[in-house]
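I opened the model today and kept notes on what I looked up. The entries follow in the order I made them.

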Amino acid sequence: MGSALAKQLRAPVTGSCMGWMAQRIMSMGNGADSIDAVSQLVAASGNTVVENPVIVEIGPGSGYAMKTMLSTLSPSRMYGIEISDAFRNQLLSDTELAPFHASDVLSLHGDDAKNLFFILNNSVDIIFAFNVIYFLNPLSVYLKECYRILKPGGCVMFSVKGVAQKMDPSVYINTDWDKCLQEMKTAGFVEVEAKEERLEDSLSYIPLYGKKPN
């Protein structure tokens, strides 16, 4: 796939033909994969997600997983970290999300996830990122920030797709899952593992899971 489209898949640009195409591609399947990943996050946590958790989603895109977490996990606070203006505008205009904006449960931020200065140390229960880890460069810096904001016992889950390994490596930086897992361990996460591959064909994905030690 061309470098131009690969860059748009990272962060679609409003008003761009390539950006529109990237949004369409990432919305294929109506989010069935990212929605399934939410259920796997709960399963990986031993079905014991804390009541009214504080959640950070990095790269919510069209918001499929975000809506699922808001409706099923009932977070007390949720931060959506989305660097794409196109996706952020889409989320801001989504009527399903409007009540969560109005009640200050949900806030959207265009900041880079390597510096979430507005989130306190040890204040987040869950970090969720689907189709995102490839673009975090250098990965160690982003993982350090994830570790900082997670509470002891909090969890992080990056879900990845094999198709990323066929993309432009100058854009899709992190596509060796074993190296990603090792980086997570180096950052201090425990119980780090690649979970069983889920779903089939274009919807298939692998969850990379870890926890901050208690």
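**Entry 1: the whole chain**

I began with contacts, where contact means heavy atoms within 4.5 Å. Of the contacts in the protein chain with a separation of 6 or more, 70% are between residues 24 or more positions apart. I noted that this is a predicted model, in which local features need pLDDT of at least 70 and side-chain atom pairs count only at pLDDT 80 or more, while totals for chains, interfaces and linings use all residues. Residues are numbered from 1 along each chain as its sequence is written, and side-chain values use heavy atoms, with hydrogens and water left out.

I then looked up the secondary structure: the protein chain has 8 helices and 7 strands. Helices (H or I, at least four residues) and strands (E, at least two) are DSSP runs, numbered from the N terminus. For burial I used relative accessible area: buried is under 20%, exposed is over 50%, and partly exposed is in between (1.4 Å probe, protein chains only). Of the 214 residues in the protein chain, 49% are buried.

**Entry 2: two helices**

I looked at helix H3 (residues 32–44) and helix H4 (residues 64–72), which pack at an angle of about 35 degrees with their axes 8 Å apart. The axes are lines fitted to C-alpha atoms, for helices over the stretch in contact, and angles run from 0 to 180 degrees between N-to-C directions. Which residues make the contact? H3 supplies Ser34, Ile35 and Val38, and H4 supplies Tyr64, Ala65, Thr68, Met69 and Thr72. Sorted by class, the contact of H3 with H4 has 5 nonpolar, 3 polar and no charged residues. Here Ala, Val, Leu, Ile, Met, Phe, Trp, Tyr, Cys and Pro count as nonpolar, Asp, Glu, Lys and Arg as charged, and the others, Gly among them, as polar.

**Entry 3: rings**

I found 8 aromatic pairs in the structure. Phe117 and Phe118 form one that is edge-to-face, at 5.2 Å centre to centre and 85 degrees between the planes. Rings of Phe, Tyr and Trp (its six-membered ring) pair if their centres lie within 6.5 Å; planes under 30 degrees apart count as stacked, over 60 as edge-to-face and the rest as tilted. Phe117 is exposed, at 60% relative accessible area, and Phe118 is partly exposed, at 24%. I also noted a cluster in which ring pairs link Tyr134, Phe135, Tyr172 and Trp177.

Next I looked for charges over rings (NZ of Lys or CZ of Arg within 6 Å of the ring centre and within 35 degrees of the ring normal). The charged end of Arg77 sits over the ring of Tyr79, 4.3 Å from its centre. Lys212 lies over the face of Tyr147, 4.7 Å from the ring centre.

**Entry 4: the backbone**

I kept a rule beside me: most residues other than glycine have a negative phi, and most peptide bonds are trans. Which bond is cis? The peptide bond that joins Asn137 and Pro138 is cis, with omega about 0 degrees. Pro138 is in the loop between strand E4 (124–130) and helix H7 (139–149).

Asn131 is also placed in the loop between E4 and H7. Its phi is positive, about 60 degrees, although Asn131 is not a glycine. Asn131 is partly exposed, at 27%. Ser74, in the loop between H4 and strand E2 (77–81), has a positive phi near 45 degrees. Ser74 is partly exposed too, at 38%.

**Entry 5: two loop residues**

Is Glu196 buried or exposed? Glu196 has 68% relative accessibility, so it counts as exposed. The loop that holds Glu196 runs between strand E6 (190–194) and strand E7 (206–211). Leaving aside neighbours within four places in sequence, Glu196 is in contact with Tyr205 and Pro207. Glu196 and Pro207 are 11 residues apart in sequence and 7.4 Å apart in space, C-alpha to C-alpha.

I ended with Asp94, in the loop between helix H5 (85–92) and helix H6 (98–102). Asp94 has 15% relative accessibility, so it counts as buried. Asp94 and Ser62 are 32 residues apart in sequence and 9.3 Å apart in space, C-alpha to C-alpha.
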